[in-house]
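Here are my notes on the model, as numbered points.

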Amino acid sequence: MNVSRLLILIIKEGKQLLRDPFSFIIGILLPMVMLLICGYAMSTDIRNIKLAIVVPDASVYATNLVARFESSDYFDVRTVRSSAEGERLVQRHDSDACLFLPQDFSRKFHNGDLKILIAVNASNPSLAYTKESYIKSVLLNALSEIAKNEQVIGTAGKQGSIATLTVKPRLWFNDANESTLTLIPGIIVIIMIVVGALLTSMIMAREYELGNLESMFVTPVKSSEILLAKIINIFLLGMLGLAISLLVAHFVFHVPVRASWYVIPLGSSVFLIMAICMGLLISSITKNQFIAVELVAFTTFLPSFLLSGFLFEIKSMPIILQWITVFVPARYYVDFLQTAFLVGDVWPNFIKNIGILFLFALTFGLLAKIKNPKHLEG
């Protein structure tokens with residue numbers, strides 16, 4: 001490999017990349033647009049749950065319970081007096097759920113035979129389950145707090161007291177349980193796939209379509225030099241896109257970065273090189289932009305979106321799909337990013353994931369080198 005010839009090729013490819021506005025749209029603007037749109041739209045956090053509370057008698061306990069829901073940012077509370085009115089609100093979709101407090105709330109609370117009905121509109125089962133969990137959480141905390149304030153906590157079976165179980169959950173690494181903190185790393189994975197694999201395959205496929213590579217047949221340029229020049233320029237563009245993504249994630253969505261400052265660039269560079277090598281391999285197989293885009297979407301984008309673990313828990317998938325995820329590089333990058341963002345410097349995790357990504361990059365790079373025309377080597 002001739003170093004001076006490689007430098008000339010890198011400069012040539014860099015100028016060609018600068019003259020192509022579409023490349024900068026994908027490398028610079030697309031990361032910002034994807035993060036902003038997906039970061040806000042894909043959040044699974046539920047707020048402003050329209051909750052109807054049936055309060056037959058306005059006792060102090062019932063009033064305190066309603067106040068706890070009204071003070072929460074997750075609920076838009078509406079109180080009614082009758083069960084029939086609460087049912088109508090849910091049936092008309094004016095309320096997402098209804099909490100039915102019983103008659104003689106105070107007496108039943110003291111006697112320990114309190115029963116409260118929660119009715120949730122289950123048109124969307126997954127959302128219904130989440131809303132029910134939110135309501136239960138606030139309800140149990142409120143009842144426990146009321147019991148402590150009124151000093152009615154005692155031994156089970158004693159008259160005038162209720163048996164109480166106090167649970168203090170703690171969510172490590174994501175105390176607020178915000179879905180954005182786990183979704184943003186997955187979105188960055190998709191961005192790196194788009195910049196690395198999609199952009200590379202389109203650029204190389206276009207070179208094949210226009211016959212630009214044939215013009216190098218009469219030169220002593222080697223195929224490895226051509227591939228390396230392409231990789232270096234797209235790599236720099238991709239790392240610029242990563243830097244923008246990290247700034248948006250941290251300052252717009254307040255995603256913490258708990259690992260050392262160099263960890264994310266290190267792991268991301270390996271993943272980006274792997275994605276670029278995949279793009280080179282796909283373009284050398286198809287030699288057509290349209291087919292290359294379709295193949296990239298099928299082999300990289302969809303598996304990264306569905307089988308990487310950032311949207312759907314891998315352990316909850318059927319066994320056959322769990323085995324398939326082993327061959328999805330994005331799975332290891334998602335695990336790496338979530339650990340780097342939320343947990344910190346866990347080097348056994350970093351070494352494992354970066355090592356696997358390096359093996360993927362080496363494999364795709366060698367295949368891309370083998371697949372490119374041998375007669376480009378002079």
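1. Two strands pair if DSSP finds at least two bridges between them; helices (H or I, at least four residues) and strands (E, at least two) are DSSP runs, numbered from the N terminus. This is a predicted model, in which local features need pLDDT of at least 70 and side-chain atom pairs count only at pLDDT 80 or more, while totals for chains, interfaces and linings use all residues. Residues are numbered from 1 along each chain as its sequence is written, and side-chain values use heavy atoms, with hydrogens and water left out.

2. Overall content. The protein chain has 13 helices and 4 strands. Of its 378 residues, 45% count as buried (under 20% relative accessible area; exposed is over 50% and partly exposed in between, with a 1.4 Å probe and protein chains only). Among contacts (heavy atoms within 4.5 Å) with a separation of 6 or more, 77% come from residues 24 or more positions apart.

3. The sheet. The 4 strands form an open sheet of mixed pairing, in the order β2-β1-β3-β4. β2 and β4 (117–120) are at the edges with a single partner strand each, so one side of each has no neighbour in the sheet. Neighbouring strands are turned by 20° against each other on average, direction ignored. Axes here are lines fitted to C-alpha atoms, for helices over the stretch in contact, and angles run from 0 to 180 degrees between N-to-C directions.

4. Strand β3. Strand β1 (residues 49–54) pairs with strand β3 (residues 97–100) in the parallel sense over 4 bridges. In that pairing A52 stands opposite C98, and V54 stands opposite F100. On the β4 side, β3 pairs in the antiparallel sense, over 4 bridges, with F100 opposite L117. A97 and L99 point one way from β3, C98 and F100 the other way, and all are buried. In a regular strand, side chains alternate between the two faces of the sheet.

5. Helices on the sheet. α3 lies across β1, β2 and β3 and runs at about 150° to β2. Helix α4 (residues 83–91) also lies across β1, β2 and β3, at about 165° to β3.

6. Helix α10. This helix (residues 289–306) has 18 residues and reaches 24 Å from its first C-alpha to its last, close to the 26 Å expected at 1.5 Å a residue (1.5 Å times one less than the number of residues). A kink of about 40° is centred on A297; the bend at a residue is the angle between axes fitted to the seven residues ending there and the seven starting there. The buried residues of α10 are A292, V296, T300, P303 and S304, and they pack against α7 (180–210), α9 and α12.

7. Aromatic pairs. The structure holds 12 of them. Rings of Phe, Tyr and Trp (its six-membered ring) pair if their centres lie within 6.5 Å; planes under 30 degrees apart count as stacked, over 60 as edge-to-face and the rest as tilted. The rings of Y74 and Y134 are edge-to-face, because their planes are at 85°, with centres 5.3 Å apart. Y74 is in the loop between α3 (60–70) and β2 (75–80), and Y134 is in helix α6 (residues 125–149), 60 residues apart. Y74 is partly exposed, at a relative accessible area of 26%.

8. F271 and Y333. Their ring centres are 4.2 Å apart and their planes at 15°, so this pair is stacked. F271 lies in helix α9 (residues 263–286) and Y333 in helix α12 (residues 329–343), so the pair ties together parts 62 residues apart in sequence. Both F271 and Y333 are buried. Ring pairs link F271 and Y333 into a cluster with W261, Y262, F336, W347 and F350.
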